[in-house]
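This briefing covers one protein chain. It starts from a single residue and then widens to the whole chain.

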Amino acid sequence: MTKTIVDGIARDMTSEEQAVFDSYQLTDAEFAAKELDLLRVERNRLLAETDYVVAMHTELGTSIPSAMATYRQALRDITDSATSLQDVSWPTKP
């Protein structure tokens with residue numbers, strides 16, 4: 001049984017309190033999925049920061065600089081190796 005603290009005193013949860021507490025706990029798979037979602041959000045933000053480079057070169061009909069293309073590809077591939085924000089090794093923006 002899980003303890004709760006009320007007015008500075010630890011006590012066992014009632015079965016109803018325990019049921020509510022348990023219902024909010026994520027399974028390992030759910031937690032891993034949330035971690036990967038957060039990783040993708042940050043990855044997408046970093047990609048969006050460089051979208052203007054792709055748009056500019058597309059409009060001008062010129063090639064995207066190879067360093068930028070490599071950086072953007074590394075960002076897209078980040079979920080191949082990382083599973084959370086804690087274990088990611090971000091590429092360096094050119």
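Pro-91 is partly exposed, with a relative accessible area of 25%; buried means under 20% relative accessible area, exposed over 50%, and partly exposed in between, with a 1.4 Å probe and protein chains only. The model is predicted: local features need pLDDT of at least 70, side-chain atom pairs count only at pLDDT 80 or more, and totals for chains, interfaces and linings use all residues. Residues are numbered from 1 along each chain as its sequence is written, and side-chain values use heavy atoms, with hydrogens and water left out.

**The segment after H4**

- Pro-91 is found in the segment after H4; helices (H or I, at least four residues) and strands (E, at least two) are DSSP runs, numbered from the N terminus.
- Leaving aside neighbours within four places in sequence, Pro-91 is in contact (heavy atoms within 4.5 Å) with Tyr-71, Ala-74, Leu-75 and Ile-78.
- Pro-91 and Leu-75 are 16 residues apart along the chain, and their C-alpha atoms are separated by 7.0 Å.
- Ser-84 also lies in the segment after H4, and Ser-84 counts as buried because its relative accessibility is 9%.
- The contacts of Ser-84, leaving aside its neighbours within four places in sequence, are Glu-35 and Leu-39.
- Thr-83 has its place in the segment after H4.
- With neighbours within four places in sequence left aside, Thr-83 is in contact with Ala-32, Glu-35, Leu-36 and Leu-39.

**Nonpolar core**

- The largest nonpolar core has 6 residues in all: Leu-46, Leu-47, Val-53, Met-68, Tyr-71 and Leu-75.
- Helix H2 (28-49) and helix H4 (66-76) are the elements that give two or more residues to this core.
- H4 supplies the largest share of this core, 3 residues.
- A nonpolar core is here a set of buried Ala, Val, Leu, Ile, Met, Phe, Trp, Tyr and Cys residues joined through side-chain atoms within 4.5 Å.
- In soluble globular proteins, nonpolar side chains tend to be buried together.
- Val-53 touches Pro-65 and Met-68, not counting residues up to four places away in sequence.

- Leu-60 is found in helix H3 (residues 51-60).
- Leu-60 counts as exposed because its relative accessible area is 58%.
- Leu-60 and Thr-70 are 10 residues apart in sequence and 20 Å apart in space, C-alpha to C-alpha.
- Thr-14 is in the loop between strand E2 (9-12) and helix H1 (15-23).
- Thr-14 counts as partly exposed, so described for its 35% relative accessibility.
- Between Thr-14 and Asp-51 the C-alpha to C-alpha distance is 53 Å, and the two are 37 residues apart in sequence.

**The chain as a whole**

- The chain has 4 helices and 2 strands, and along the sequence they follow the pattern β-β-α-α-α-α.
- The radius of gyration of the chain is 22 Å, whereas a compact globule of 94 residues would have one near 12 Å; the radius is taken over C-alpha atoms, and the globule rule is 2.2 Å times the number of residues to the power 0.38.
- The C-alpha trace spans about 70 × 25 × 20 Å along its principal axes.
- Of the 94 residues, 19% count as buried.
- Among contacts with a separation of 6 or more, 47% come from residues 24 or more positions apart.

**Surface and charge**

- The chain exposes about 6,800 Å², of which carbon and sulfur atoms supply 57%; the areas come from the Shrake-Rupley method with a 1.4 Å probe, and for residues only the protein chains shown count as cover.
- There are 9 positive and 16 negative side chains, and the centres of the two sets lie 6 Å apart.
- Lys and Arg count as positive and Asp and Glu as negative, while His and the chain ends are not counted; the place of a charge is taken as NZ of Lys, CZ of Arg, CG of Asp or CD of Glu.
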